[in-house]
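Me: I would like to learn how to read a protein structure, one feature at a time. Where should I start?

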Amino acid sequence: MSKSRLRFAPSPTGSPHIGNIRTAVFDYLYARHTGGTFILRVEDTDRTRYVEGSLEEMMKGLRWIEMQWDEGPEVDGGYGPYFQSERLEIYHKYAQQLVDEGKAYYCYCTRERLEEMRKAQEAAKLPTGYDRRCRELSADEREACAAENPHPVIRFAMKREGRTEFDDIVRGRVGFDNALQDDFVMIKADGFPTYHFASIVDDHLMQITHVVRGEEWLSSAPKHIQLYEAFGWEAPLWVHLPLILDTTGKKLSKRSGVSTSFYDYILQGYLPDAMLNFLATMGWSSGEDRKLYSREELIEKFTLEGIVNHPAIFDLAKLNDLNGEYIRMTPVEELAKMILPRLQEAGYVSQSPSDEEMRYLIEITTLNRDRMVTLGDAPDLVSFFYADDFVYEEKGVKKHLAKETTPAILKSVIEKLASVETWDTESIDAAVREGGLAVGVEGGRVIHPVRMAITGRTWGPGLFDLMQVIGKDRCIARLHRAEEFSSREISMS
RNA sequence: GGCCCCGUCGUCUAGCGGUCCAGGACAUCGCCCUCUCACGGCGGAGAUCGAGGGUUCGAAUCCCUUCGGGGCUACCA
């Protein structure tokens, strides 16, 4: 049996969509699972929707999630070119073949006429579709039409009777009445092929074995099947993936509350493997009660039979949970490197960090890892490790700094801390508690004001740990600052 | 409107005639850990398997009908 060949065929019409990447994930996983080939093909047949740079973004996105294609742009595999815009002669040749065989025909109808026809059909509550006016033109008629419209399209002559049926891997047998099918356009007036035609010619020429695509393509499958029959080619296996919906049950879109742009997730700081895990388990299940899969496990376990047939709602909470898991599984040194660029951008770390800066970063990362949902959380989470002039959190001020007793507590803690010789967590712990005891408070009553003084917030890593990392001098300076602030607050009220 | 697909806890799903008065995960709630938040641990609530008919000794699982949701209906993909 020959090797599987799957293609991911996006069109460069904008920033990569999360749903498209999910389709790519399935292509990639199955290709790898079967030891086959993962192909990237660019369906740039619509010149009006072409967006500069979107292919580059797509390739960057695929590489980011570590799904390198075996054939496609920048990787010649012998079946190219992989840009449909560079395959125009091929399409024309095959289109002409069908015309010559009477299986396709030139259509001279204007857009205006088509538009009117559609309106009339809708008004009469009839199924819309081309009325096949040009399907059986005589030579004379054709000549007359050609004079009227020098840029005809080529339409495929669909069967008018019977049914077109096929087996879909995820849905089983699916069938459509041929009488309801449309004589679709194969070659547009500008000479470019439509998706329906180009993808079939290419899939055949590139020896694609499985067509994996979204369910929105299911109803146009009869066109594709009949095209294969007309050419006498063997059709690939069909795999129509369930759609990804938003929380209102509609196809995921801009207005869905969550972003559909794959890039947004990269920017936000989701990890490639978390994203892969998330995307793979949306519409596919191994049958086990499991949530974490490594890339290798995904490849090993992925089967077409595991694809579910009902749509899935995009659940950001689940993605967040997964990402947190992956962040916690990442070794600190590595995690530190991952958040480094974000901290540099925030101005916390220099462009070429010294060893000292990196050591500090790693200590901070260790302390904050459990609280990170995405890498994007890092700058805010660690801000007080770098900036001394932070603003005190409003509710913490009320609770811990605006109290009559606070200045005395802080003063006492400063005193005890000042005499600490070995700045480790045990000594800090002891000093802070002693400082509280000296003025008659203990536990949280002393720790909370100190935390506010050191971090400006009511929550965060263990106080003594973070103080140890921040250092003695800075801690004492912050305590002084808070003490002054506290006295001011009290006198003002 | 027509055609097609889908329908198990709020969400992702397991389930493929009996071991299911339905299991796991996320979210949610409570408890524990604890200086706080988070992590972690434990526990709870949450689905009459969209509904109604069959078939069968027995159905979430098979059949029919019905309702609901979605997709497509372009010289876009």
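Me: How does Asp177 count: buried, exposed or partly exposed?

Reply: Buried means under 20% relative accessible area, exposed over 50%, and partly exposed in between (1.4 Å probe, protein chains only). Asp177 counts as partly exposed because its relative accessibility is 37%. Bear in mind that this is a predicted model: local features need pLDDT of at least 70, side-chain atom pairs count only at pLDDT 80 or more, and totals for chains, interfaces and linings use all residues. Residues are numbered from 1 along each chain as its sequence is written, chains are lettered from A and ligands numbered from 1 in the order written, and side-chain values use heavy atoms, without hydrogens and water.

Me: Which residue forms a salt bridge with Asp177?

Reply: A salt bridge is a side-chain nitrogen of Lys or Arg within 4 Å of a carboxyl oxygen of Asp or Glu. Asp177 has one with Arg163, and their closest N and O atoms are 3.1 Å apart. This pair links distant parts of the chain, 14 residues apart: Asp177 is in strand β6 (residues 172–177) and Arg163 in strand β5. Arg163 is partly exposed, since its relative accessible area is 46%.

Me: How many salt bridges does the count come to?

Reply: The count by this rule is 35. One of them joins the side chains of Glu71 and Arg5, at 2.8 Å from N to O. Glu71 sits in the loop between α2 (54–64) and α3, while Arg5 is in strand β1 (residues 5–8), 66 residues apart, and the pair links distant parts of the chain. Glu71 and Arg5 are both buried. Another salt bridge joins Arg41 and Glu43, also given as 2.8 Å from N to O. Arg41 counts as buried because its relative accessibility is 0%, and Glu43 because its value is 6%. Arg41 and Glu43 also belong to a network of salt bridges with Arg7, Arg87, Asp202 and Asp203.

Me: Where is Arg451, and what lies around its side chain?

Reply: Helices (H or I, at least four residues) and strands (E, at least two) are DSSP runs, numbered from the N terminus. Arg451 is in helix α18 (residues 444–455). Arg451 is buried and has no salt bridge; Asp465, the nearest side chain of opposite charge, is 8.3 Å away. A polar atom of the Arg451 side chain lies 3.0 Å from the backbone oxygen of Pro461. Contact means heavy atoms within 4.5 Å. Beyond its neighbours within four places in sequence, the residues in contact with Arg451 include Trp459, Gly462 and Leu466.

Me: What does the whole of chain A look like in numbers?

Reply: Chain A has 20 helices and 11 strands. Its C-alpha trace spans about 110 × 50 × 40 Å along the principal axes. Of its 493 residues, 51% count as buried. Among contacts with a separation of 6 or more, 75% are between residues 24 or more positions apart.

How values were computed
Lys, Arg positive; Asp, Glu negative; His and termini not counted. Polar contact = N/O pair within 3.5 Å; in protein donor to acceptor, adjacent residues only side chain to side chain.
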